[in-house]
Structure formats: structure tokens, C-alpha cells
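Dear colleague,

My notes on what was found follow it.

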Amino acid sequence: MLGAVLIALAGGAAVGMSRSINGRLTMDRGAFTASAWNHWIGFLLLTVYVLLFHRIGLPLLADVPVFYLTGGVIGACFVVISSYVFPRIGAARSGLLIIGGQMITGLLIDLARGTAEFHIGQPAGVALILLGIYLTRYTR
């Protein structure tokens with residue numbers, strides 16, 4: 001369990017660093033160009049990884065249900081949006097807003113699917129994140 005928590009924290013740090021770097025590229029080249037580079041480099045890296053370490057052929061798109069492709073579309077939108085907002089409102093606020101959005105969406109998905117039992121700690125956690133966003137407005 002601790003290993004998974006540490007890996008998740010490292011993933012969060014990687015997202016923060018990636019968004020910051022893409023934010024700088026956005027200020028120089030624009031959000032869509034920064035996002036395109038992000039996805040091309042990621043695509044190339046993952047393709048090499050899969051071909052080298054998984055020894056499987058790449059699946060054909062015809063074998064993938066269309067609904068599953070929406071994850072890529074949403075991911076691309078996330079990269080464009082976060083590349084745009086990071087340099088404008090800062091890494092801390094952007095990160096907190098992203099986490100807040102993830103928490104709210106996660107709660108709604110769990111409630112809609114019936115996969116998690118509702119308890120007061122869930123909206124309380126989201127409220128604390130939103131309070132953190134509010135408190136980062138002050139620089140003193």
C-alpha cells in the first residue's frame with residue numbers, strides 16, 4: 001500500500017512539473033502547440049516502451065470500442081487547458097483547482113455508478129481542497 005501511495009505522489013509531482021514546463025512552452029508557442037508537442041513526445045515514448053518491453057503488437061483501432069477513445073480526447077483537452085492556466089494563475093492554484101475538479105468528478109462518478117458508499121468525509125475533503133484554493137490567494 002505504501003508503495004502505491006508513493007508512486008501516486010511521484011505521479012502527482014510529475015504532473016506538476018509537466019504542466020509547468022508546458023505552461024512555459026505555451027507562453028512561447030501557444031497552448032495548442034504545447035499540447036501537440038506534449039502528446040507527440042508521449043506517444044513516441046509509450047510506443048517505444050510497448051514495443052521494447054511488452055512484445056505485443058499495437059492493437060488496431062477497429063478492435064477498440066469508440067467510447068474508450070474519449071479518454072484520449074479528454075486527456076488532450078486537459079493538457080491544453082492546464083497548459084493555458086498554469087502560467088496565468090500559478091502552479092499551486094492550478095494544481096489545487098485540478099485536484100478539486102478531480103475530487104468533485106470522482107464523487108459524482110462514484111455516486112452515479114454506485115461504486116462507493118457516500119459519507120460526509122467525501123464532500124468535506126472537497127471543501128477543504130476548495131478552502132486551500134481560496135487561501136492560496138493571499139501572498140503575505
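Helices here are DSSP runs of H or I of at least four residues, strands are runs of E of at least two, and both are numbered from the N terminus. The model is a predicted one, in which local features need pLDDT of at least 70 and side-chain atom pairs count only at pLDDT 80 or more, while totals for chains, interfaces and linings use all residues. Residues are numbered from 1 along each chain as its sequence is written, and side-chain values use heavy atoms, with hydrogens and water left out.

Overall architecture

The protein chain has five helices and zero strands, giving the pattern α-α-α-α-α along the sequence. Its C-alpha atoms fill a box of roughly 50 × 45 × 30 Å along the principal axes. Of the 140 residues in the chain, 16% are buried, where buried means under 20% relative accessible area, exposed means over 50%, and partly exposed lies in between (1.4 Å probe, protein chains only). Contact is defined as heavy atoms within 4.5 Å. Among contacts between residues at least 6 apart in sequence, 57% join residues at least 24 apart.

Helix H1 and Thr-26

Thr-26 belongs to helix H1, residues 2–29. The residue counts as buried because its relative accessible area is 6%. The side chain of Thr-26 reaches the backbone oxygen of Ser-83 at 3.3 Å; a polar contact is a pair of N or O atoms within 3.5 Å, and within protein one must be able to donate a hydrogen and the other to accept it, with residues adjacent in sequence counted only if both atoms are side-chain atoms. Leaving aside neighbours within four places in sequence, Thr-26 is in contact with Ala-31, Ala-34, Ser-83, Tyr-84 and Arg-88.

H2 has 23 residues and reaches 32 Å from its first C-alpha to its last, close to the expected 33 Å; the expected span is 1.5 Å times one less than the number of residues. Ala-31, Ala-34, Ser-35 and Thr-47 are buried in H2, and the elements covering them include H1 and H3. Leu-69 is found in the loop between H2 (31–53) and H3. This leucine counts as partly exposed because its relative accessibility is 39%.

Helix H3 and Ser-82

H3 has 20 residues and reaches 28 Å from its first C-alpha to its last, close to the 28 Å expected. Its buried residues are Val-79, Val-80, Ser-82, Ser-83 and Phe-86, and what covers them includes H1, H2 and H4. Ser-82 counts as buried because its relative accessibility is 1%. A polar atom of the Ser-82 side chain lies 2.8 Å from the backbone oxygen of Phe-78. Not counting residues up to four places away in sequence, Ser-82 touches Arg-19, Pro-87 and Ile-98. Just after H3, Gly-90 takes a positive phi of about 95 degrees.

Helix H4

H4 spans residues 91–113, and its 23 residues reach 32 Å from first C-alpha to last, close to the 33 Å expected. Ser-94, Ile-98, Gly-100 and Leu-107 are buried in H4, and the buried residues of this helix pack against H3 (70–89) and H5 (121–135).

H1, H3 and H4 each supply at least two of the lining residues, and H4 gives the most, with five. By class, the lining has six nonpolar, four polar and no charged residues; Ala, Val, Leu, Ile, Met, Phe, Trp, Tyr, Cys and Pro count as nonpolar, Asp, Glu, Lys and Arg as charged, and the others, Gly among them, as polar.

With kind regards
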